Amino acid sequence: MPASIPRETIAARLAETGYVADRELATALWMMDYLKRPLLIEGEAGVGKTEVAKALALVHGAELIRMQCYEGLDANSALYEWNYQRQLIAIKAREGSGESPESIEARIFSEDYLLERPLLAAIRRKDPPVLLIDEVDRADEEFEAFLLELLSDFQITIPEFGTVSALSIPRVVLTSNGTRELSDALRRRCLYHYLDFPDVDREAAILRARQPGIDASFALQAARMVAGLRKEELRKAPGIAETLDWAATLAGLGVSDLSAEPEIVHATLLALLKTHEDRARVTPEVTARLAGRAA
Amino acid sequence: MTASPARLASLGPGMLRRLAGFARTLRDAGFSVGRSETGDAARVITSPLADRSEGLRAALKALFASNRSEYERFDELFDAFWRGRGVKRAAAAVTALGAANRPRRFEVGPGGAGADGLAERAQAEAPGAPAAEGHGRERGASAQESLARKEFARLAAGSEREEALALAERLARAMRARVTRRERARRKGRRIDLRATLRRSVARGGEPIDLKFRRQKRKPLRIVALLDASGSMELYVPVFTRFLHAMSQAFSEGEAYLFHTRLAHVSSALSERSPQRALDRLSLMAQGVGGGTRIGDCLAEFNRSHAKRVLHSRSCIMIFSDGYDTGEPERLAAEMRALKRRCRRIVWLNPLTGREGFAPVARGMRAALPFLDLFAPAHDLQSLAALERYLARL
């Protein structure tokens, strides 16, 4: 059973790992331990949902087990698989040995021949890991139902083998982009946090945390500029990772004041704007206006 | 998952009652709050978090909210209940959800088109006859057929209208049955299932003799209907609604939207079993009569807020509209382009197309044309029936 860490400690340790969390997120992470419930995080692409799980693993000094969901993901690839090649070889190798079929069967369906997939791995660890179920909305509804069962019992039945109960209860983080509506049952099982784009101060803090050499006033400028861009009607609003890339690019080019070098700023926007339409929409004039306001 | 009895007892009955009251407030505001949430909330209140009200609010928010809109409304409800702040505003927000400006009503039965001068009043066959099945469907042989070819706008009131509506419903059911059957027959893409094959080979001394196959799973076709409910479409809305209602009962995956000057999500109304109740609920949802149709704006709203969730690669969008748009055609074109990228097919059904001498001259219609996969008439039942073959090929 995971030891409970006070909420303030969680926030402080998150900051140490370079993840700048707001109070609500720190509270939600603390409640995961207190109530032993999984946490569902929703939000736009690029707001740092996956990073939460990584930071949480660092905070608890736990292993991070990640399962990426996709359309057509089934229990086989999420839970366990038998090592067929080894099983076939084992059968052939014992053909002439006079071993009874029953004992061969018992052997090839033993633990040695079992390949762990993320979900099984997550419940067979002695120390509770952080299980990240990424983009759960991409998986099918059937899989969601299956997941729900696992999240309430934390045990898995393998027909040839028996029931595997959890050695420790993992901390589970689910993320969703909202490409599909999740079932009410799953939502109710989980704690919920909606992750929005960070406000200017927090994004500047993220920049400073991730790029230690960065000038504080420039970080604020960059954060304001990106916040201004997000307000434009873009097809794909720039995420935090893009902000980091862009700020690093500008720093590499020796830019320390956005309004001083409008051409360079405009040229480097390709680190932020990832579709042709958005590029066309943000003209040099728009860039100059936003940069002027940010400075 | 239960709090220690000692700490719970220290809460006192007053606090627990307050908590239950808060849970009820949330339920009234549309949150789905169950017993396990309330139980956990009691545990949260006994925790050190509860010493500060910000901490408690954040904690209860994570626990009780389960989607974005709940997440965003929570703080206000919390403050109103626990701090007695902004009570009026919160109460207003809750009631505003239910109340429409002035509900608009569509009539499903009598009323509508004038009954004068209609000589060819069709003899209705007994209900239950498979109107939309078999060979009778395409060549006119029965009285039903003449009804099937009669323009919706000219349908007489009363029994004829009712008959046509029932036909539309049966048509949709039959269509969907055939479309899904074909879908199943095509799904024979097969792959060897190694796990099952090997499991069986044990009985044969390790020789994989009995092959097991795995069927490929495919997502069913999802129909997303956008129904124009502006004044110019008034005559057609009941028929299309009935058609959509039957279709959505059949296609397990489907979403429906209504638009005129605004977009409204009406899937929940269509899930009503009885068509009349579905239509009643729909009437309640359609608000803001008058003004022109703003197709472009409504599509923009759809693209922005709904498309990502509703559309996938096996979605077919069906737009029922006459294409009279009071917005900018450029805007409509831009939104159609965005829509086109997101789905498999766009079908536009126009009730005016079937009329003689029709040409798509409405500016909005012309702007949308290049992005359509199918531009079809929808002025009578027969034209709706023709859709089936198209859908089956998707």
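## Strand β4 of chain B

In β4(B), B:Gly254, B:Ala256 and B:Leu258 point one way and B:Glu255, B:Tyr257 and B:Phe259 point the other way, and all are buried. A residue is called buried if 20 or more other C-beta atoms, placed from the backbone, lie within 10 Å of its own. In a regular strand the side chains alternate between the two faces of the sheet. The strand covers residues 254-259, and six of its six residues are buried. Strands here are DSSP runs (E) of at least two residues and helices are DSSP runs (H or I) of at least four, both numbered from the N terminus.

β4(B) has pairing partners, where pairing requires that DSSP finds at least two bridges between two strands. Strand β3 (residues 222-228) of chain B runs parallel to β4(B) and is joined to it by six bridges; B:Asp228 stands opposite B:Phe259. Strand β5 (residues 263-265) of chain B pairs with β4(B) in the antiparallel sense over three bridges. There, B:Phe259 has B:Leu263 as its bridge partner. β4(B) and β5(B) form a hairpin, with three residues between them.

## The model and its confidence

This is a predicted model, in which local features need pLDDT of at least 70, side-chain atom pairs count only at pLDDT 80 or more, and totals for chains, interfaces and linings use all residues. Residues are numbered from 1 along each chain as its sequence is written, while chains are lettered from A and ligands numbered from 1 in the order in which they are written.

The model scores ipTM 0.79 and pTM 0.63. The pLDDT is the predictor's confidence in each residue, from 0 to 100. Chain B averages a pLDDT of 71, and 65% of its residues score at least 70. Over residues 86-143 of chain B the pLDDT is below 50, although this stretch has 88 contacts in the model beyond near neighbours in sequence. Residues 182-189 of chain B also have a pLDDT below 50, with seven such contacts. A contact means that the C-beta atoms of two residues, placed from the backbone, lie within 7 Å. Where pLDDT is low, the predicted coordinates should not be read in detail.

## The sheet of chain A

Chain A has 15 helices and nine strands, and 37% of its 295 residues count as buried. Five of the strands form an open sheet with parallel pairing, in the order β2-β5-β8-β1-β9. Its edge strands, β2 (64-68) and β9 of chain A, each pair on one side only.

Within chain A, strand β1 (residues 39-42) and strand β8 (residues 171-176) run parallel and are joined by four bridges. A:Glu42 stands opposite A:Ser176 in β8(A).

## Nonpolar cores

A nonpolar core is a set of buried Ala, Val, Leu, Ile, Met, Phe, Trp, Tyr and Cys residues joined through C-beta atoms within 7 Å. The largest has 92 residues, and those that touch the most other members are A:Met31, A:Leu56, A:Val173, A:Leu191, A:Ala222 and B:Leu63. Leaving out residues up to four places away in sequence, A:Val173 touches several residues, including A:Leu39, A:Ile41 and A:Leu132. Another core, of 58 residues, lies apart from the largest one and has B:Tyr257 and B:Phe302 among its members.

## Where the chains meet

Which element gives the largest share of the side of chain A that touches chain B? The contact takes 29 residues from chain A and 27 residues from chain B. On the chain A side, the largest share, seven residues, comes from α2(A).

Definitions and conventions
Buried ≥ 20, exposed ≤ 12 C-beta atoms within 10 Å, placed from the backbone.
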